[in-house]
Amino acid sequence: MLIHLNDVLSCDGKVIFQTVDLEMDSFDSGLGSFPLIRKEPVELTITNLGEEKLKIEGRTELAAVIPCDRCLEEVKTLLKLAFNKEVDMKQTAEGRIKDLDETDFIIGYNLDVDKLVYSEILVNWPMKTLCREDCKGICRKCGTNLNHGSCSCDTVELDPRMAVIAEIFKNSN
Ligand SMILES: [Zn+2]
Ligand SMILES: [Zn+2]
């Protein structure tokens with residue numbers, strides 16, 4: 001959704017509040033496509049700081065479905081976003097991208113809320129996602145989810161260091 005900034009830019013010190021629904025239903029990045037199962041409306045406060053500078057403050061709460069790093073089971077992950085940006089409307093689009101070091105969410109005199117939130121999700125994306133701290137993962141041989149049960153695979157073989165030790169024992173007998 002685009003917010004027209006002409007109104008707030010009309011006079012210095014002007015503040016506008018707006019609540020905006022996100023259009024995107026998933027977060028698509030190089031890592032994959034992650035469904036957003038909860039989207040709170042984005043609460044935005046835009047302040048005209050003078051000299052065509054705007055302060056954009058916003059907050060929202062989202063929940064994304066991210067697979068567990070170890071067992072791939074779906075994990076509902078809460079993303080609490082709160083951001084505060086300053087945008088110089090006098091700058092060219094290229095200059096702004098360089099300054100903010102992220103996707104440009106200002107198009108002409110419009111603010112692209114989805115783009116802005118997208119870049120915030122990217123920054124706040126969890127480094128690690130686990131279904132639980134002690135997730136046992138899946139057996140690399142048969143694919144059994146080891147949180148739900150064990151398998152009868154010879155897991156010793158899977159660790160090369162252990163395999164070397166086993167080999168030494170075998171030869172010494
Ligand atoms: Zn897991
Ligand atoms: Zn197995």
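# Exercises on a zinc site, salt bridges and cores

The donors of the zinc ion (ligand 1) are spaced along the chain in the pattern C-x2-C-x59-C-x3-C. The structure is a predicted model, and the exercises below start from this site.

**Exercise 1.** Find which residues coordinate the zinc ion (ligand 1), and state which geometry the site has.

*Solution.* Begin with the atoms around the metal: the zinc ion (ligand 1) is coordinated at 2.3 Å by the SG atoms of Cys68, Cys71, Cys131 and Cys135. Next, consider the angles among the 4 donor atoms, which run from 105 to 115°. Four donors count as tetrahedral if all angles lie between 85 and 135 degrees, so the site of the zinc ion (ligand 1) is tetrahedral.

**Exercise 2.** Work out which parts of the chain the pair Cys68 and Cys131 ties together, and decide whether Cys68 is buried or exposed.

*Solution.* First place each residue: Cys68 belongs to the loop between strand E6 (53-67) and strand E7 (74-88), while Cys131 belongs to the loop between helix H3 (113-124) and helix H4 (160-172). The pair therefore ties together parts that are 63 residues apart in sequence. Then turn to accessibility, where buried means under 20% relative accessible area. Cys68 has a relative accessible area of 1% and is buried, and Cys71, at 8%, also counts as buried, whereas Cys131, at 31%, counts as partly exposed.

**Exercise 3.** State how many disulfides a search of the whole structure finds, and describe the accessibility of Cys11.

*Solution.* The search of the whole structure finds 0 disulfides. As for Cys11, its relative accessibility is 39%, and this residue counts as partly exposed.

**Exercise 4.** Determine how many salt bridges the whole structure has, and describe what the bridge between Lys85 and Glu120 links.

*Solution.* Start with the total, which a search of the whole structure puts at 9 salt bridges. In one of them, Lys85 pairs with Glu120, and their closest N and O atoms are 2.9 Å apart. This pair links distant parts of the chain, since Lys85 is in strand E7 and Glu120 is in helix H3, 35 residues apart. Finally, check the accessibility of both partners: Lys85 is buried, with a relative accessible area of 12%, and Glu120 is buried, with 7%.

**Exercise 5.** Describe the salt bridge between Lys90 and Asp88, and name the residues that salt bridges with shared partners join into one network.

*Solution.* The side chains of Lys90 and Asp88 meet in a salt bridge, with 3.5 Å from N to O. Lys90 is partly exposed, with a relative accessible area of 49%, while Asp88 is buried, with 19%. The network is made of Arg38, Glu40, Glu61 and Lys80, joined by salt bridges that share partners. Arg38 forms a salt bridge with Glu40, their closest N and O atoms being 3.3 Å apart; Arg38 is partly exposed at 34%, and Glu40 is partly exposed at 33%.

**Exercise 6.** Find how many residues the largest nonpolar core has, and which element gives the most to this core.

*Solution.* Nonpolar side chains tend to be buried together in soluble globular proteins. Here the largest nonpolar core has 32 residues, and Leu5 and Leu111 are those with the most contacts inside it. Elements that each supply at least two residues include helix H1 (6-9), strand E4 (32-39) and H3, but E6 gives the most, with 5 residues. Leaving aside neighbours within four places in sequence, Leu5 is in contact with residues including Ile46, Leu54, Met89 and Leu111. A second, separate core of 5 residues includes Cys68, Cys71, Val75 and Cys135.

Definitions and conventions:
Residues numbered from 1 in each chain as written. Chains lettered and ligands numbered in written order. Predicted model: local features only at pLDDT ≥ 70, side-chain atom pairs only at ≥ 80, totals over all residues. Heavy atoms only, no water. Donors = N, O, S within 2.8 Å, 3.2 Å for Na, K, Ca; no water. Tetrahedral: all angles 85-135°; square planar, octahedral: opposite > 155°, others 65-115°. Helix = DSSP H or I, 4+ residues; strand = E, 2+ residues; numbered from the N terminus. Buried < 20%, exposed > 50% of the residue type's maximum accessible area, 1.4 Å probe, protein only. Salt bridge = Lys/Arg side-chain N within 4 Å of Asp/Glu carboxyl O. Core = buried A, V, L, I, M, F, W, Y, C linked by side-chain atoms within 4.5 Å. Contact = heavy atoms within 4.5 Å. Disulfide = S-S within 2.5 Å.
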